[in-house]
Each structure stands twice: as C-alpha cells, then as structure tokens.
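Please read them with the structure open.

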Amino acid sequence: MILPIYLYGQTALRRETEEIEQGEIDVKQLIADMQETLTQAEGCGLAAPQVGLSKRLFIVDGSELGEDYPDCADFKQVFINPEIIEESEETSTYSEGCLSLPGISENVIRPKTITIRYQDADFQWNEDTYTDFKARIVLHEYDHLEGHVFTDRISPIRKQFVRGKLINIAKGKTVARYRYKRN
Ligand code: NI
C-alpha cells in the first residue's frame, strides 16, 4: 500500500523515535509499504517518521541514482534500530533533497565515511561501513530518526534563502507529484 509522505511542518518529522522490538509491529508489512511508497515517489530513502511513525527504521534504495552513481544501483537495504558508531573527519559536500521537502535542494556537508550498526528485516544485527553517496543517503535518513531534516544542516545564509519555501510547505501551499500529507 502506498503511504502518504508527511511534508515539512508535520510534527511527526520532529518527534523522538522509539526502538522497534521484534514482533511489536508487522515490520515486514511496514517495509513492503515503505518500499512501494519510495518507489512511486522515485526517492532514494524513506524513514518511518516520514510516513508518520515515530519508530527507528528507514529504508534506502539507490536504484534511482544508478545512472549517475553505479555503485548505488544495487544499494537496497533496511535499517532497524540503527546507530552510527563511527564518522570520518573527512567530509564531502553535495546537494540533497528530501521527499518531505519538495522543491528544495541545498548543499549539505557530511562525513565522507561512516560505520553503522543496525538490525535487518530479520532483526539480525549487522555492522557496515559506507562511503561517499551511500554514506550520505544513510546519514540523511538517520537524521530523520533524530528529528532532523537536511535544511537544519545548511549554512545560515542558505537557511535564509529557503525560509520562504519552507513556510510555504508548512502552510500547505506546496504540491508534490506523489501521495502526501500536509497541513
Ligand atoms: Ni529526507
């Protein structure tokens, strides 16, 4: 089932998220719904708060980026109860967008390499290290679990620049090409 994506201004995007215990919710169904939602919206990642759930889960799917970033083409993964355990001092800067912030893309500085500990769809613990664009996608989605969106991380000057756009989204004046929930 395609779920509505919560847009900027919805409190779900700012709430604290809870760890998921195995069996507590139908995680397989949630993942299937989120994957369907992400595919129809043509995004590369989706976090549970973006569908109104304050849970520590996100999915990534790099296939949309496969043409420009061949190493992302098969980057399809579920992250449950993730924890970033290492971040490189070396950073990279790249323009990001977000399905919850339609029409906005801005440069964000992030660590170039990260190590993350997480449970997969079967609740098995894994530890993986990602670099470049994979690390960026993971960190962007991880931010959603912490109640952050990418515009929290842009320069004060750029924040000023996108302020009007953010207000418009929060006021429900922005439309997106996918199913969404707004004020
Ligand atoms: Ni996002």
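1. The nickel ion is coordinated by Cys98 through SG and by His140 and His144, each through NE2, at 2.1 to 2.2 Å. This geometry should be read with the reminder that the model is predicted.

2. Along the chain, the donors of the nickel ion follow the spacing C-x41-H-x3-H. Cys98 sits in the loop between strand S5 (91-96) and strand S6 (106-111), whereas His144 belongs to helix H2 (residues 132-145), so this pair ties together parts that lie 46 residues apart in sequence.

3. Are Cys98 and His144 buried or exposed? Cys98 has a relative accessibility of 9% and therefore counts as buried, given that buried means under 20%; His144, at 1% relative accessibility, also counts as buried.

4. Turning to helix H3 (residues 156-170), its 15 residues should span 21 Å at 1.5 Å a residue, and the end C-alpha atoms are 19 Å apart, which agrees.

5. An α-helix has 3.6 residues a turn, so residues three or four places apart point the same way.

6. Just after H3, Gly172 takes a positive phi of about 80 degrees.

Note on methods: Residues are numbered from 1 along each chain as its sequence is written. This is a predicted model: local features need pLDDT of at least 70, side-chain atom pairs count only at pLDDT 80 or more; totals for chains, interfaces and linings use all residues. Side-chain values use heavy atoms; hydrogens and water are left out. Donors are N, O and S atoms within 2.8 Å of the metal (3.2 Å for Na, K and Ca); water is not among the atoms, so sites may look incomplete. Helices (H or I, at least four residues) and strands (E, at least two) are DSSP runs, numbered from the N terminus. Buried means under 20% relative accessible area, exposed over 50%, partly exposed in between (1.4 Å probe, protein chains only). The expected span of a helix is 1.5 Å times one less than its number of residues.
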